[in-house]
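Thank you all for coming. I would like to walk you through one model this morning, going slowly from its loops to its helix packing.

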Amino acid sequence: MTSAVRPPVTDALRQLLAQVTGNEELLGIPPDTPLLGAGAGLDSLAATLLLRAVQRQFGVDVAGEDLNLSSLATLGTLAEFIEQRTAG
C-alpha cells in the first residue's frame, strides 16, 4: 500500500527524478504519477539513470529484483518497492 511508505523515500525519489531529468516540476508530483511516458515523462535513458541513482542512494537493484519492472509504474509503486527492501 503506497500510503504506508515513509515520506522521505517518496521525497528522495522526487529529488532523484528532478536531478535525472533536469525538470524541477517533478519535485511536486503525487505518488500516483506514472513514471514512464505521460506523467513524469521518463524515456528509457532517464529510467536507466533513475535506476542507477536509486541503487546508489538506497542500495536497491530494482532491475535485478523486479524483472518485469512493474515497480516503475508510478512514483508510489517505486517508493513502496524501495521501502520493502530497505525496511528492517
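By contact I mean heavy atoms within 4.5 Å. What you see is a predicted model, in which local features need pLDDT of at least 70 and side-chain atom pairs count only at pLDDT 80 or more, while totals for chains, interfaces and linings use all residues. Residues are numbered from 1 along each chain as its sequence is written, and side-chain values use heavy atoms, with hydrogens and water left out.

Let me begin with Leu35, which, not counting residues up to four places away in sequence, touches Leu17, Ala40, Gly41, Leu42, Leu72, Ala73, Thr74, Leu75 and Leu78. Beyond its neighbours within four places in sequence, Thr74 contacts Pro31, Asp32, Thr33, Pro34 and Leu35.

Thr33, for its part, sits in the loop between helix H1 (7–21) and helix H2 (44–58), and because its relative accessible area is 10%, Thr33 also counts as buried. Its contacts, again setting aside neighbours within four places, are Gly39, Ala40, Ala73, Thr74 and Leu75.

Turning to the core, I define a nonpolar core as a set of buried Ala, Val, Leu, Ile, Met, Phe, Trp, Tyr and Cys residues joined through side-chain atoms within 4.5 Å. The largest one has 22 residues, and those with the most contacts inside it are Leu13, Leu17, Leu35 and Leu78. To this core H1, H2 and H4 each supply at least two residues.

In H1, the buried residues are Val9, Thr10, Ala12, Leu13, Arg14, Leu16, Leu17 and Ala18, and what covers them includes H2 and helix H4 (75–86). After H1 comes Gly22, whose phi is positive, near 75 degrees.

How do H1 and H2 pack, and at what angle? Their axes, which are lines fitted to C-alpha atoms over the stretch in contact, are 10 Å apart, at an angle of about 135 degrees. The two helices are therefore oblique to each other.

Note on methods: Helices (H or I, at least four residues) and strands (E, at least two) are DSSP runs, numbered from the N terminus. Buried means under 20% relative accessible area, exposed over 50%, partly exposed in between (1.4 Å probe, protein chains only). Axes are lines fitted to C-alpha atoms, for helices over the stretch in contact, and angles run from 0 to 180 degrees between N-to-C directions. Angles under 35 degrees count as roughly parallel, over 145 as roughly antiparallel, 65 to 115 as roughly perpendicular and the rest as oblique.
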